[in-house]
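Here are my notes for your first look at this model. Keep the viewer open and find each residue as you read.

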Amino acid sequence: MLRKSRFFCANVPYTTILGFTGGIASGKSSRCQHLLKIALQKAEQPNVSLGVSYVSADQVGHSMYEPGKPCHKKILDAFGRDAVISEDGVTIDRRKLGGIVFANKAQMDKLNGILWPHFDEALLTIVEENASVSTLQHGNRNTLIILEAAVLIEQGFVKHCNDVWLTSCSKDEAIQRVVKRNGLSVAEATMRIESQMTIEDRLNFLKTSGFAGSIQHFDTTDVTLEVGLKQVATAFDEYWTKKLRPMCRSVA
Ligand SMILES: CC(C)(COP(=O)(O)OP(=O)(O)OC[C@H]1O[C@@H](n2cnc3c(N)ncnc32)[C@H](O)[C@@H]1O)[C@@H](O)C(=O)NCCC(=O)NCCS
Ligand SMILES: Nc1ncnc2c1ncn2[C@@H]1O[C@H](COP(=O)(O)OP(=O)(O)OP(=O)(O)O)[C@@H](O)[C@H]1O
């Protein structure tokens with residue numbers, strides 16, 4: 001069962017976190033960027049008091065092991081300095097680290113064991129900062145945070161989300177996209193894809209774990225990017241009309 005979210009920000013109580021998750025190369029980023037654009041357009045309508053922000057859990061994850069941060073030293077100690085250090089001798093080389101962890105589940109578990117205990121705190125801090133800026137600086141009564149996170153469910157941040165949108169595509173399609181985009185071999189791409197939950201497991205978790213929010217799933221296998229983005233716009237129109245618009249009216 002999902003534990004109750006402890007997300008509560010005293011100054012910014014009207015925050016909606018829309019979690020966006022899905023497998024590698026399933027189309028999250030392109031859809032999130034489109035969602036951000038259309039949500040910002042809605043927020044500009046007359047008599048609407050809404051701030052909109054985008055948070056990338058990937059970027060937050062990277063920032064957690066910048067030089068000087070506690071996880072930097074922990075990763076060097078756990079994986080060996082020579083195995084993961086970049087040419088500058090200071091920063092951790094994500095390509096090297098990714099090569100190790102995506103090839104071996106035990107190594108991935110080791111990395112997650114270092115980072116994930118601090119991930120909630122790191123993400124909540126960014127969410128609260130965005131919500132505070134929206135409310136205190138821009139005077140918005142409500143804030144929508146679009147949170148893109150491949151491991152939203154695995155890591156547990158889903159408990160803080162009001163609603164969850166997901167992308168998926170077939171394994172073959174994902175392999176092709178990763179090979180093309182990341183220049184990896186088919187075997188390497190397959191290992192990355194297999195290191196994550198399947199869409200069936202993700203949907204099953206949401207439906208059986210007590211998650212109370214709405215769920216929207218986009219299968220991107222056989223749709224062009226253009227059609228895929230239109231699907232997102234249509235889904236957001238409904239989300240806007242039914243959920244956000246009623247609570248975002250500005251007070252005269
Ligand atoms: C493994 C790392 C070094 C690879 O870095 P790299 O720059 O090559 O890739 P990037 O960060 O852009 O991730 C690419 C994709 O890999 C997948 N991925 C990343 N971390 C994980 C993970 N812990 N478990 C499963 N899949 C992951 C995601 O689909 C992500 O979109 C990096 O992703 C990392 O530090 N991951 C651990 C932190 C984490 O859990 N981040 C995910 C937040 S959603
Ligand atoms: N519907 C689609 N049809 C064809 N290609 C697509 C489609 N959606 C996304 N792509 C392509 O697949 C690749 C991955 O897309 P995107 O970066 O949006 O996925 P992602 O889920 O954020 O990936 P990752 O988590 O690995 O960063 C990109 O090269 C993108 O152009």
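1. Terms and ground rules. Helices (H or I, at least four residues) and strands (E, at least two) are DSSP runs, numbered from the N terminus. This is a predicted model, in which local features need pLDDT of at least 70, side-chain atom pairs count only at pLDDT 80 or more, and totals for chains, interfaces and linings use all residues. Residues are numbered from 1 along each chain as its sequence is written, while chains are lettered from A and ligands numbered from 1 in the order in which they are written.

2. Start with Cys32. Cys32 sits in helix α1. Is Cys32 buried or exposed? A residue is buried if 20 or more other C-beta atoms lie within 10 Å of its own, exposed if 12 or fewer, and partly exposed in between; C-beta atoms are placed from the backbone. Cys32 is buried, because 21 other C-beta atoms lie within 10 Å. Contact means that the C-beta atoms of two residues, placed from the backbone, lie within 7 Å. Setting aside residues up to four places away in sequence, Cys32 touches Phe20, Tyr54, Ile146 and Glu148. Cys32 and Gln176 are 144 residues apart along the chain, and their C-alpha atoms are separated by 21 Å.

3. The sheet. Two strands count as paired if DSSP finds at least two bridges between them.

4. β2 pairs with β3 (residues 142-148) in the parallel sense, over seven bridges. Find Leu50: it stands opposite Asn142 in β3.

5. The nonpolar cores. A nonpolar core is a set of buried Ala, Val, Leu, Ile, Met, Phe, Trp, Tyr and Cys residues joined through C-beta atoms within 7 Å. The largest core has 43 residues. Which of them touch the most other members? They are Leu18, Ala39, Leu144, Ile145, Ile146, Leu147 and Ala174. α11 gives the most to this core, five residues. A second, separate core has five residues, including Tyr65 and Cys71. Back in the model, look at Ile146: beyond residues up to four places away in sequence, it touches Leu18, Phe20, Cys32, Leu35, Leu36, Ala39 and Tyr54.

6. Ligand 1. A residue is near a molecule if its C-beta atom, placed from the backbone, lies within 6 Å of it. Ligand 1 is surrounded by 18 residues, and the closest are Ala57, Gly61, Arg94, Gly98 and Ala150. Elements giving two or more residues to this shell are α2 (57-63), α5 (94-101) and α6 (105-137). The largest share, five residues, comes from α5. By class, the shell has ten nonpolar, five polar and three charged residues. For these classes, Ala, Val, Leu, Ile, Met, Phe, Trp, Tyr, Cys and Pro count as nonpolar, Asp, Glu, Lys and Arg as charged, and the others, Gly among them, as polar.

7. Ligand 2. Around ligand 2 there are 17 residues, of which Gly27, Lys28, Ser29, Ser30 and Thr220 come nearest. α1 (28-43), α8 (171-182) and α11 (225-247) each give two or more residues to the shell. The largest share, three residues, comes from α1. This shell divides into five nonpolar, nine polar and three charged residues.

8. Two backbone angles to check. Most residues other than glycine have a negative phi. Ala25 has a positive phi, near 60°. Ala25 lies in the loop between β1 and α1, and is buried, with 23 other C-beta atoms within 10 Å. Asn47 also has a positive phi, of about 60°. Asn47 lies in the loop between α1 and β2, and counts as exposed because it has 10 C-beta neighbours inside 10 Å.
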